[in-house]
Amino acid sequence: MIDEYCWMLHRDNSCKVYKRKSDKGTFERSRNLSITDAILQAKTIEFAELFEEKRFVCSNGWLDRFKKRHNIRRDKVVGEAASVCSFDINHWMENAWPDIIRNYDENNIFNADETGLFGKLTPNQTLKFKEEKCVGGKLSKVRTTILVCANMNGSEEQKLTVIGKSQKPRCFKNVKELSLDYKSNKKAWMTSDLFQKYLGQWDKELAKKKRKIVLLIDNYTAHIEPSNFQWIKVVFLSPNTTSVLQPMDQGVIRSLKCRYRKQLILRILECYDINKDCGIYLLDAVVLLEKSWRLVRESTIRNCFNLVGLTKTQQRGG
């Protein structure tokens, strides 16, 4: 792979690196191989031996300068988009999507997805002086599941549903009403029963308005197709394509979590200023989460739908 797409040492100048003309100035990764410094160094040494460059030393300093000259940066491999079959995506876009956009307005097309949140997890990095030791306690592993749902044009954000382990958290004792829906089970996961109740309640609200919507969801086992709902039509995305076709995964959930972390930091600073112990309880996390969801912009949601091609005017090309 690197023989075809990587760099080659020039025979007459061991300090200069040339690229093949077929690369067109780009550094490509073939077959989803993660290219590390060690791999690049090993291949460079192989080229040096091939061209009999005995004086060449592939040191860390040379590697750093090499990456700087050619604008190579380290990045994290994220998502599952590389494993998605383009045929499945195009088939869904050509067969399922046209019927949806023909029969429903943008404000009646919704997408929902679950995500995990470690709501009590405080930052594990800090600024310190050079001589100062950086130690801390155990990090919280308390996880909750959040159901995030919004419509296509970003004008309507459904109330968040938070799923925890405790059926009756102590911090909820004197709270008359929560700003979001709280459910519970032993594993703090979405189940088919919880999902059906969620859709059932939503269907009753829609019946009062005589409003029909379509809900795009993935093929998670808890997402079973309802048979007795009159106002909600559930459409499943193609299997193994949600990392590409799911709008919530394209930046909406990330925006929500980033805003939550910012609110969490502000809460920590507030407690620090008044010399108060900053214990983050489930109720605190719920309040910060609801506020963070309100801060997610309509344009962010709309752009995430646009990114996957789910618009009236734009469709994903083959």
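Guide: Start with confidence, since this is a predicted model. The chain averages a pLDDT of 80, and 83% of the residues score at least 70. Over residues 1-28 the pLDDT is below 50, though this stretch has 63 contacts in the model beyond near neighbours in sequence.

Visitor: Where else does pLDDT stay under 50?

Guide: Over residues 314-318. The model has 15 contacts for them beyond four places in sequence.

Visitor: How many helices and strands are in the chain?

Guide: Ten helices and eight strands. Of the 318 residues, 40% count as buried. Among contacts with a separation of 6 or more, 67% join residues 24 or more positions apart.

Visitor: What makes Pro98 count as buried?

Guide: Its relative accessibility is 17%. The cut-off for buried is under 20%. Pro98 therefore counts as buried. This proline lies in helix α5, residues 97-103.

Visitor: Why is Asn71 called exposed?

Guide: Exposed requires over 50% relative accessible area. Asn71 has 57%, so the label holds. Asn71 lies in the loop between α3 (60-69) and α4 (86-95). Its phi is near 55°, a positive value in a residue other than glycine.

Visitor: Is Ala188 buried or exposed?

Guide: Buried, with a relative accessible area of 0%. Ala188 lies in the loop between β6 and α6 (192-209).

Visitor: Which side chain reaches the backbone nitrogen of Ala188?

Guide: That of Asn185, at 2.6 Å. The side chain of Asn185 also reaches the backbone nitrogen of Lys187, at 3.1 Å. Asn185 lies in the loop between β6 and α6. At 18% relative accessibility, Asn185 counts as buried. Leaving aside neighbours within four places in sequence, Asn185 is in contact with Ile163, Gly164, Lys165, Thr191 and Leu194.

Visitor: How do you know that His223 is buried?

Guide: Its relative accessible area is 6%. Buried means under 20%, so His223 qualifies. His223 lies in the loop between β7 (213-217) and β8 (232-236).

Visitor: With which side chain does the side chain of His223 make a polar contact?

Guide: With that of Asp218, at 2.8 Å. The limit is 3.5 Å, so the pair is within the cut-off. Not counting residues up to four places away in sequence, His223 touches Glu114, Phe195, Ile217, Asp218 and Phe236.

Visitor: Which residues have the most contacts inside the largest nonpolar core?

Guide: Trp92, Trp97, Ile109, Val148 and Leu216, in a core of 43 residues. Helix α9, residues 282-295, gives the largest share of this core, six residues. Apart from it lies another core, of 20 residues, among them Leu147, Trp202, Ile232 and Val234.

Visitor: What does Leu216 touch?

Guide: Beyond four places in sequence, its contacts include Trp92, Trp97, Ile109, Val235 and Leu310.

Visitor: How do you know that the span of α9 is close to the one expected?

Guide: α9 has 14 residues and reaches 20 Å from its first C-alpha to its last. The span expected at 1.5 Å a residue is 20 Å. Its buried residues include Leu282, Val286, Leu289 and Trp293. The buried residues of α9 pack against β3, β4, β5 (161-164), β6 (181-184) and α8.

Visitor: Which residues of helix α10 are buried?

Guide: Ile301, Cys304 and Phe305, in a helix of residues 298-307.

Visitor: Why are they said to line one face of the helix?

Guide: Seen down the axis of α10, its buried residues fall within an arc of 100°, so they line one face. An α-helix has 3.6 residues a turn, so residues three or four places apart point the same way. The buried residues of α10 pack against β3 (109-117), β4 (144-151) and α8 (252-273). Just after α10, Gly309 takes a positive phi of about 90°.

Methods: Residues numbered from 1 in each chain as written. Heavy atoms only, no water. pLDDT = per-residue confidence, 0-100. Contact = heavy atoms within 4.5 Å. Buried < 20%, exposed > 50% of the residue type's maximum accessible area, 1.4 Å probe, protein only. Helix = DSSP H or I, 4+ residues; strand = E, 2+ residues; numbered from the N terminus. Arc of directions from axis to C-beta. Core = buried A, V, L, I, M, F, W, Y, C linked by side-chain atoms within 4.5 Å. Expected span 1.5 Å × (residues − 1). Polar contact = N/O pair within 3.5 Å; in protein donor to acceptor, adjacent residues only side chain to side chain.
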